[in-house]
Amino acid sequence: MAAAATSPAPAAAQFTPPPAKSPSPLEVQEDYRRTVRRAREALTCVEMPGAVPAQDPEAYWCRRFEAEFMPKEAFGTDKSLSPAPPLEGASPPPPATADDDLLFYVLPGPFIENKSLKEEFVVRRKDQIKSLYAISDPSVHWEKSYFLNLLTHFFEYKLTVLVCHNDREDTQKEFQISTRVQKPVFASPSQVRMDTKSTEVTPAWPFLYFSVAEFDSAWNDIHIDKFGQFVAVDLSANGSAFGVPFHNMSIFRGGLTRTAILNSFAGKPQEGRVSSWFGSLIPKVPYLTKQQAPQEKFVEIRGPGGKGRVQMQLVQTGDTGGEVPQPVLNCLITNVCIDYHYILKDFLSWAETHL
């Protein structure tokens, strides 16, 4: 007797996971606020060494770093780079810039005799997957690495230099602008000495340098040649962070009167009248007589309240003539240098107001 035909077993139902739920606008906004609170807490711990964070900051900033900076192709290529659990209500990262193929990692300084030495940073290219640090690597300071990459990649910076004048050489009075020159600059944790022939690049972190390319020709129109003039400098940022747009936000602003500039050129900055916008000139050379006066000189100027400093090259291009001739000076801004804490503090204050 022929065996009865058996029907094939039904195929097992294939499970399809539901699509990930996108965070609501309120969840995204709360995520931004959480990030701002964490960043403010991080600044407090820096300014007050005895302060203790409420939660583990490195775990949070590690995941932030991964979500906003790590190349997606790194995941799955190396198991040590596997993604961390997603952040609750995670918000999309800001738009990337053209030069964001680099990643900066801040490394804690070594301990010698129970004292931490200066922090260091290393640079990696995103397309060199094997060279990237693994997520949660304890040798990386993830909080500061996040801030360094945020400030260098997600903002465009512009340096504006003005020649202004009034009848009293007083920056606090109404004045007119006779010359305005604006140049793009880039934030970097490294510096190149402009006042020497050396082209050596040296680490500057935790300071960021905003250097002017070809500064010796960028400011040809910035001349000081008559009473009542002063030079004003403004460094501004454009970009997006913490869910807030930043448009022409000034992160450094200052001015220097012609009298102070001339006295600095003569080697006696202590006698110069310094605008209240700037803190003070940084004396570097003793007094020079007229016979000894050079045709050019580099000077550094502290920012208001000690915030940052500006380096300026003064180049004599002639004199004013008359019975008591004075130099006509071309003022060339080489760079602006600011501790990243000051910049971050300004950004957080703006974000807290607009979130």
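His165 sits opposite Gln229 of strand 11. The model is predicted. Strand 11 spans residues 229–241 and is mostly covered, with 11 of its 13 residues buried.

**Strand pairing**
- Strand 5 covers residues 155–165 and pairs with strand 11 over 11 bridges, in the antiparallel sense.
- Strand 12, residues 244–257, is also an antiparallel partner of strand 11, over 11 bridges.
- Ser240 has Pro245 in strand 12 as its bridge partner.
- Two residues lie between the strands in the hairpin of strand 11 and strand 12. Phe242 takes a positive phi near 60° there.

**Nonpolar core**
- The largest nonpolar core holds 81 residues.
- Tyr105, Tyr157, Phe210, Trp219, Leu235 and Phe347 have the most contacts inside this core.
- Leaving aside residues up to four places away in sequence, Tyr105 touches residues including Phe65, Met70, Phe121, Leu132, Tyr133 and Trp142. Glu120 and Arg124 are also among the residues Tyr105 touches.

**Helix 1 and helix 6**
- The axes of helix 1 (residues 25–47) and helix 6 (residues 340–354) come within 10 Å. They cross at roughly 145°.
- The crossing of helix 1 and helix 6 is left-handed.
- From helix 1, Val36, Ala39, Arg40, Leu43, Val46 and Glu47 take part in the contact. They meet His341, Leu344, Lys345, Leu348, Ser349, Ala351 and Glu352 of helix 6.
- The residues of this contact divide into seven nonpolar, four charged and two polar.

Methods: Residues are numbered from 1 along each chain as its sequence is written. This is a predicted model: local features need pLDDT of at least 70, side-chain atom pairs count only at pLDDT 80 or more; totals for chains, interfaces and linings use all residues. Side-chain values use heavy atoms; hydrogens and water are left out. A nonpolar core is a set of buried Ala, Val, Leu, Ile, Met, Phe, Trp, Tyr and Cys residues joined through side-chain atoms within 4.5 Å. Buried means under 20% relative accessible area, exposed over 50%, partly exposed in between (1.4 Å probe, protein chains only). Contact means heavy atoms within 4.5 Å. Helices (H or I, at least four residues) and strands (E, at least two) are DSSP runs, numbered from the N terminus. Two strands pair if DSSP finds at least two bridges between them. Axes are lines fitted to C-alpha atoms, for helices over the stretch in contact, and angles run from 0 to 180 degrees between N-to-C directions. A crossing is left-handed if the near helix is turned anticlockwise from the far one by less than a right angle, and right-handed if clockwise. Ala, Val, Leu, Ile, Met, Phe, Trp, Tyr, Cys and Pro count as nonpolar, Asp, Glu, Lys and Arg as charged, and the others, Gly among them, as polar.
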